[in-house]
Structure formats: C-alpha cells, structure tokens
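This report describes the fold of one protein chain and then looks at a few of its residues.

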Amino acid sequence: RKLPFLLVVGTGLLGAVFFRDQLSFETLAQRREELLAFRDAHYLGAVLLFIAGYTAIVSLCLPGGTIATLTGGFLFGLFPGVLYNVTGAATGAIIIFLIARSGLGEGLLLRVTAGGGAAARLIRGIKENEWSVLFIMRLVPLVPFFLANLIPAFTGTSLWRYGVTTILGIIPGALVFTSVGSGLGEVFERGGTPDLGLLFSPPILLPILGLAALAALPMVLKA
C-alpha cells in the first residue's frame with residue numbers, strides 16, 4: 001500500500017533533478033511555434049494531452065506547475081485555458097491525495113491521534129474547522145501546492161471536502177496565471193519574461209486575502 005506513494009515521492013525527486021530544465025519558461029519560449037502549430041492542427045488532441053500532462057505534473061509532484069498554467073493560457077487563452085488548467089491541476093491533486101491517503105495517511109492518522117500531544121490537537125483543530133482550513137490553504141499563496149495536496153491526506157479529510165475545496169480554491173490563482181499566460185505572445189516578441197509577482201500585487205492579492213478571511217469567518221464565529 002505504501003509503494004505507490006513512495007514511487008510518487010521518488011519520481012518527484014528525480015523530476016526535480018532531471019526535468020527542471022525541461023519544464024521551464026525558457027523551454028516554452030523555444031518550443032512555442034511547435035506547440036502552436038500542433039494546437040492548430042490537432043486542437044482536441046492538444047487539449048487532452050495538455051490536461052494529461054498537467055495531471056501528471058501534479059500527481060507525480062514534478063516541478064513545473066506554474067509553467068504548465070502559463071502554457072494553458074498561452075495555448076488556449078484565458079478561457080477556456082483556465083478551465084483546462086483547473087481540470088488538470090484538480091485531477092492531479094485528487095490522484096496524489098488518494099495515493100497518499102491509502103499509502104500512509106490512514107495509518108499515520110491513527111498513530112498520531114492515539115499518541116496525543118500537539119500533533120493530535122492540531123489534527124483535531126483542522127477536523128473541527130475543515131472547510132475553512134482547506135479553503136485557506138488553497139487560497140493563500142504561502143502554502144506550497146504539493147503540501148496542500150498532502151496535508152489533508154494525513155489528517156483524514158474526506159474526498160468530497162477535499163475535491164470541492166481544491167476545485168473552488170485554486171480558481172482565483174488559476175485565473176491570474178492563466179491571464180498572464182494568455183499574454184505571453186507579446187512577452188516572447190520582446191524577449192522578456194512574465195511578471196509572476198503579479199499575484200502578490202495589491203489589486204490581486206487583497207481580493208484573494210479577502211476570500212481567505214471570508215473562509216476563516218466560520219472559525220471566528222465558532223470561537
């Protein structure tokens with residue numbers, strides 16, 4: 001039962017070493033004409049391959065999630081690019097969640113809760129405010145995406161709650177990066193690089209933090 005999760009971890013480590021240069025903005029800039037030509041000739045195939053590739057990147061914990069999102073915007077525009085990005089990211093997140101939960105999550109949860117202490121109290125606190133915590137982890141860009149995929153698997157979160165909060169929670173960030181990706185054509189012509197710091201600019205970050213505060217409101221009211 002642990003083997004699939006260990007294989008995913010091993011694949012992620014190998015990918016970080018051997019595929020980091022392939023899943024990069026520079027590679028996208030070099031291959032952009034080929035990608036656009038393939039999309040124009042085989043649109044449905046390009047969509048399916050893109051979603052499958054994005055799913056593999058997330059489910060195998062490979063580097064390149066941000067580049068994949070930018071690529072979705074570059075190839076397919078803001079819409080339906082954001083739809084393809086959310087589909088690939090959410091599918092990959094659900095796969096790695098199921099793998100982690102079946103491999104280590106259930107046993108780890110039982111051991112931690114039986115042992116008591118701070119870790120058990122933390123898990124109990126997450127369980128008592130599960131919807132809010134899961135939404136906040138997705139909305140606030142300070143939590144790495146792969147950690148937001150794994151933590152719920154180790155705290156006994158249900159697939160339903162995980163799936164709903166994942167899909168809805170990643171939409172704001174996906175909209176921002178897909179929008180940046182949709183303008184990459186002009187960036188390539190100038191020979192520049194995209195401004196990924198846009199997510200942390202006040203006009204973008206403040207509404208996202210507002211959504212996070214709204215998600216935290218039930219916890220405040222409960223307290």
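Helices here are DSSP runs of H or I with at least four residues, strands are runs of E with at least two, and both are numbered from the N terminus. Thr-71 is found in helix α4.

The model is predicted: local features need pLDDT of at least 70, side-chain atom pairs count only at pLDDT 80 or more, and totals for chains, interfaces and linings use all residues. Residues are numbered from 1 along each chain as its sequence is written, and side-chain values use heavy atoms, with hydrogens and water left out.

**Overall fold**

The protein chain has eleven helices and zero strands. Read from the N terminus, its elements run α-α-α-α-α-α-α-α-α-α-α. A residue is called buried under 20% relative accessible area, exposed over 50%, and partly exposed in between (1.4 Å probe, protein chains only). By that rule, 42% of the 223 residues of the protein chain count as buried. The chain exposes about 11,900 Å², and carbon and sulfur atoms supply 71% of this area. Accessible areas come from the Shrake-Rupley method with a 1.4 Å probe, and for residues only the protein chains shown count as cover.

A contact means heavy atoms within 4.5 Å. Of the contacts in the protein chain with a separation of 6 or more, 79% are between residues 24 or more positions apart.

**Packing of α2 and α4**

Helix α2 (residues 25–41) packs against helix α4 (residues 65–76) at an angle of about 35°, with the axes 11 Å apart. Axes are lines fitted to C-alpha atoms, for helices over the stretch in contact, and angles run from 0 to 180 degrees between N-to-C directions. The crossing of α2 and α4 is right-handed; that term applies if the near helix is turned clockwise from the far one by less than a right angle, and left-handed if anticlockwise. On the α2 side the contact is made by Phe-25, Leu-28, Arg-32, Leu-35, Leu-36 and Arg-39, and on the α4 side by Ile-67, Thr-71, Phe-74, Leu-75 and Phe-76. The residues of this contact divide into eight nonpolar, one polar and two charged. In this count Ala, Val, Leu, Ile, Met, Phe, Trp, Tyr, Cys and Pro are nonpolar, Asp, Glu, Lys and Arg are charged, and the others, Gly among them, are polar.

**The nonpolar core**

A nonpolar core is a set of buried Ala, Val, Leu, Ile, Met, Phe, Trp, Tyr and Cys residues joined through side-chain atoms within 4.5 Å. Which residues have the most contacts inside the largest nonpolar core? They are Phe-74, Phe-76, Leu-184 and Phe-188, in a core of 39 residues. The elements that give two or more residues to this core are α2, α3 (43–59), α4, α5 (78–115), α8 (145–154), α9 and α10 (184–190). Helix α5 gives the most to this core, with ten residues. Leaving aside neighbours within four places in sequence, Phe-76 is in contact with Arg-39, Tyr-43, Ala-46, Val-47, Phe-50, Gly-81 and Tyr-84.

| Residue | Relative accessible area |
|---|---|
| Thr-71 | 11% |
| Val-82 | 11% |
| Thr-166 | 1% |
| Thr-178 | 0% |

The contacts below leave out residues up to four places away in sequence. Thr-71 touches Leu-28 and Phe-50, and its C-alpha atom is separated by 8.7 Å from that of Gly-81, ten residues apart along the chain.

Val-82 lies in helix α5 and touches Gly-77, Ala-174, Leu-175 and Thr-178. The C-alpha atoms of Val-82 and Pro-172 are separated by 9.8 Å, although these residues are 90 apart along the chain.

Thr-178 has its place in helix α9 (residues 159–182). The residues in contact with Thr-178 are Thr-69, Gly-73, Gly-77, Leu-78, Gly-81, Val-82 and Asn-85. Thr-166 also lies in helix α9 and touches Ala-90, Ala-93 and Arg-138.

**Backbone features**

Most residues other than glycine have a negative phi, and most peptide bonds are trans. Cys-61, which is not a glycine, has a positive phi of about 60°. Cys-61 is found in the loop between α3 and α4 and counts as partly exposed at 26% relative accessibility. A cis peptide bond with omega of about 15° joins Phe-79 and Pro-80; Pro-80 lies in helix α5. Just after α8, Gly-156 takes a positive phi of about 80°.
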